[in-house]
Amino acid sequence: MPVDVILPMLGETMDEATIVQWLVRVGEPVKKGEPLFQVETDKAILDVNSPADGILASVEFGEGSKVPVLSVVGRVALVGEALTTRRTETPEARHVEREPRAATVVSQAAPRRAISPRARKLAADAGVDIAAVEGTGPAGRIVEKDVQRAIAQMKAAPPRVAATPLARKAAAQAGIELQRVRGTGPGGRIVLADLSPKQTAGDTALSATSRQGKVTSTPVTGVRKIIAEHMAASSATAAAVTLVTEADATELAHVRNAVRERYAADGVTFSYTDLLVWIVARALRDMPYMNARLVGNEIEQHDSINIGVAVDTERGLLVPVIRGAGEMNVVQLAKALRELVQRARSGKSLPDDLTGGTFTITNLGMYEIDAFTPLINLPECAILGIGRLNSKPVVRDEQISVRTMVTFSLTFDHRVIDGAPAARFLQRIKVLVEQPTLMLV
Amino acid sequence: MSIQCDVAVIGAGPGGYVAALRAAQLGARTVVVERDRIGGVCLNWGCIPTKTLLRTAEVLQLAREAKDYGVMVADVRLDWAAAQKRKDAIVRRLTGGVSALLQKAGVAVVAGEARLVSPRVIEVAGQSASETITAAKVIIATGSRPAPLPIPGLDGPDVLTSDGALALDALPESLLIIGAGPIGVEFATLFNACGVKTTLVEALPRVLPTLDADLSAEVERGLKKARVKVLTASKVTRIDRAGSRPQVHIEGAAGETAVEVERILVAVGRRANVEALGLAETGVEVTKGGIKVDEFQRSNQPDLYAIGDVCGGIQLAHVAMHQGVIAAENALGGHRVMHYNAVPSCVFSWPEVATVGLTEEAARSQGYDVQVGRFPFRANGKALAQGDHDGLVKIVSESKFGQVLGVHIVGPHASDLIQEGTLALGLEATLDELDNTIHPHPTLSEAIAEAALSVRGKALHI
């Protein structure tokens with residue numbers, strides 16, 4: 001029997017992936033553990049390896065198909081095995097069950113299939129052509145489960161899209177999936193102009209007079225869709241409260257300069273984000289009630305401090321997670337974060353890079369933002385927003401002096417944490433920022 | 001008296017009455033203000049009357065040629081007064097029909113001259129009393145009128161506009177028409193067929209200069225065959241009236257000539273009716289062409305829409321009607337955009353002309369890799385049977401997808417045939433769709449299928 005090639009679960013939140021490329025063609029030999037095809041998840045492009053030594057016997061989903069995880073996407077025939085598929089009728093299948101007289105013309109014409117009565121009824125009711133159903137019962141017999149899967153696949157198949165003949169031809173040539181295009185023609189029909197935001201000469205003159213302007217529509221898919229769902233869920237469910245405080249980061253600046261100098265020769269650079277991850281990890285170790293996730297009706301307090309850092313990438317906001325940040329020194333943190341950010345920006349994040357966080361940091365300081373109200377990355381219970389570092393006149397020891405100040409915005413989920421403990425946590429961060437020597441004790 | 005309503009339309013021409021009907025259809029309390037006749041220029045002094053008289057000319061021509069068809073008709077002559085009576089009856093019937101439609105739809109018609117006091121308040125000066133209309137939305141559809149030409153001597157009593165030409169009690173012996181656009185060409189066709197010695201003067205190098213050159217050539221040939229004197233690339237410089245009849249001085253490539261005629265018809269350009277509407281006072285932006293609107297037909301005032309000739313742009317009744325529907329829907333909360341990529345236009349010359357989309361020249365200048373197909377009506381069985389086989393169908397397409405960019409027809413029933421092209425452009429059809437469409441036999445429409453096939457050298461009947 002050939003071995004099924006399964007699309008694996010590639011991350012906690014992933015329920016489907018797009019097959020980007022088959023690296024091996026049907027009929028070509030494959031080796032167990034060697035890359036067989038590439039998939040694009042919402043967050044990264046990954047290789048999936050062959051489950052066995054043999055020959056790629058069949059491919060069930062072509063390049064560009066969106067496939068639910070754990071689907072069979074192909075089969076590898078073991079060495080010496082004939083390249084047959086299960087669709088082929090086997091002699092023993094025939095006498096397992098006779099075709100009843102009520103069978104439709106279509107199924108009479110089709111080769112007879114071994115099928116259970118329940119499966120047959122379900123197939124007839126749902127209009128499923130049993131000739132095309134994979135049987136997974138004994139000797140390839142079609143069982144109810146197989147028909148259910150076929151129905152699910154039928155439903156998942158993209159509906160027919162209304163598009164003009166010209167739009168169809170142009171889309172085919174440009175490799176644009178019409179399912180992803182919003183039509184603006186009569187009855188939502190896709191017209192040529194919908195394929196690209198480029199305006200025709202005739203439209204330009206008119207649009208210039210329009211106060212509404214030209215609207216460019218982009219379908220919400222991939223990373224954008226994930227962000228949209230997460231943010232809406234966060235906004236809708238969390239009882240979010242934002243606390244804002246200002247800290248004197250002058251000492252921290254000294255520390256940063258010192259470590260920078262010390263490690264310059266080793267090629268390690270340090271950003272304030274690195275240092276703040278280091279400080280936040282410490283604060284979380286000190287106050288573990290903040291290192292929590294609300295899952296269902298349970299508050300999970302985690303031992304492992306996994307800090308996510310929001311990264312702006314071409315594909316949208318990604319949050320790579322530094323696992324075990326509580327156990328790392330600042331150099332290790334800086335290196336780990338650098339690698340995660342690089343992978344995120346190049347679309348090569350590993351499945352676990354983007355999951356499992358217990359706390360998130362987001363820095364908008366480079367855009368001269370001071371305070372803001374970040375949205376909690378559920379199911380985590382808090383997120384720290386870092387503002388810009390800015391020289392300001394402050395009163396110190398009854399004197400006005402110029403200090404490097406930074407604003408922190410801590411949004412926490414009041415369902416999980418009350419205001420005072422959250423405030424104490426933010427105060428703890430402030431103290432550590434202002435007196436980095438406390439990191440030693 | 002004062003009236004409150006949801007939508008007030010100023011002007012009951014083809015754009016205005018259609019806007020009013022659509023607004024009423026959508027449940028709005030609708031008022032339409034008209035200072036003259038319901039139906040506007042189109043029904044009273046434009047499209048319909050000219051077509052009515054052209055039909056008379058056509059029947060006259062057919063009677064003259066009857067013997068070619070084996071029919072002997074004696075004593076063929078024109079009764080111009082009877083033709084005028086027929087025209088007036090048809091116009092009355094149609095305008096009466098529009099009035100009935102408005103009444104049935106519950107649209108109130110207010111007679112008088114409208115003036116905006118604010119974007120939503122209109123004062124109507126009627127014959128006896130004045131009224132104030134307060135509307136949630138206003139649609140301006142006041143149309144256009146012939147534009148005067150700055151030519152010395154072009155103000156005598158012998159000079160006609162299109163309105164005057166249609167109302168002539170008696171036919172002149174000779175007529176000189178300035179401008180060989182659609183209006184000029186139609187009048188030349190009409191009066192020439194009615195026995196008037198006709199001269200057609202056009203400043204640009206060809207008649208119907210905005211249309212595809214193949215069409216112009218065919219129409220010019222038709223006019224010359226009918227003995228219309230066609231002077232292209234020629235300008236009327238002045239008119240002097242030293243003699244008994246006006247002398248029209250024309251400067252052409254071959255130097256200056258003078259033509260003596262009984263009447264002169266100016267058929268050049270139209271000007272938007274934007275004056276006396278109170279637009280400046282209400283802050284409505286007006287450009288040289290007319291009221292400035294966006295693709296929703298809305299002016300710079302959010303509650304004020306404008307449609308038809310008063311906006312400048314393409315001054316055709318069917319464009320105004322379509323804009324009227326769109327303006328009415330948008331005024332009542334819709335969000336429809338006016339598209340101009342598939343606007344057909346027709347000239348009722350002999351042979352008739354109808355066109356939609358890009359000319360070959362325009363398609364090339366827009367950077368398309370242009371492919372053209374042509375099919376002459378002389379190879380079409382129905383056209384031969386009809387005895388009317390001058391002209392051709394020309395299809396302009398591009399090579400990449402075979403997109404149909406323009407359909408140009410000159411020949412019998414061109415104006416009825418063009419809709420296949422309009423639909424093709426509107427639905428973004430390619431040559432394949434035209435190829436795959438079965439055309440009935442024997443009909444003139446086969447020429448369109450053959451023209452589409454001929455783009456790729458697959459025409460069967462030539």
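Of the contacts in chain A between residues at least 6 apart in sequence, 59% join residues at least 24 apart, a contact being a pair of residues whose C-beta atoms, placed from the backbone, lie within 7 Å. The structure is a predicted model, in which local features need pLDDT of at least 70 and side-chain atom pairs count only at pLDDT 80 or more, while totals for chains, interfaces and linings use all residues. Residues are numbered from 1 along each chain as its sequence is written, and chains are lettered from A and ligands numbered from 1 in the order in which they are written.

Chain A has 12 helices and 18 strands; helices (H or I, at least four residues) and strands (E, at least two) are DSSP runs numbered from the N terminus. Of the 441 residues in chain A, 32% are buried. A residue is buried if 20 or more other C-beta atoms lie within 10 Å of its own, exposed if 12 or fewer, and partly exposed in between.

An open sheet of 6 strands in chain A has the order β9-β18-β17-β16-β12-β15, with mixed pairing; two strands pair if DSSP finds at least two bridges between them. Its edge strands, β9 (240-248) and β15 (321-322) of chain A, each pair on one side only. Within the sheet, β17 (residues 382-396) and β18 (residues 399-413) of chain A are paired in the antiparallel sense over 13 bridges, and A:Val394 stands opposite A:Ser401 in β18(A). Helix α12 (residues 419-434) of chain A packs on the sheet and touches β9, β17 and β18 of chain A. The direction of α12 makes about 25° with that of β9(A), where axes are lines fitted to C-alpha atoms, for helices over the stretch in contact, and angles run from 0 to 180 degrees between N-to-C directions.

A:Ala232 is located in helix α8 (residues 222-237) of chain A. This residue is exposed, because 11 other C-beta atoms lie within 10 Å. The C-alpha atoms of A:Ala232 and A:Leu375 are separated by 9.4 Å, although the two residues are 143 residues apart along the chain.

In chain B, helix α1 (residues 14-25) and helix α4 (residues 80-105) pack at an angle of about 20°, with their axes 9 Å apart. The two helices are therefore roughly parallel, a term for angles under 35 degrees. In this contact, B:Tyr17, B:Ala20, B:Leu21, B:Ala24 and B:Gln25 of α1(B) meet B:Val98, B:Leu101, B:Leu102 and B:Ala105 of α4(B). These residues divide into 8 nonpolar, 1 polar and no charged, with Ala, Val, Leu, Ile, Met, Phe, Trp, Tyr, Cys and Pro counted as nonpolar, Asp, Glu, Lys and Arg as charged, and the others, Gly among them, as polar.

Note on methods. Contact = placed C-beta atoms within 7 Å. Parallel < 35°, antiparallel > 145°, perpendicular 65-115°, else oblique.
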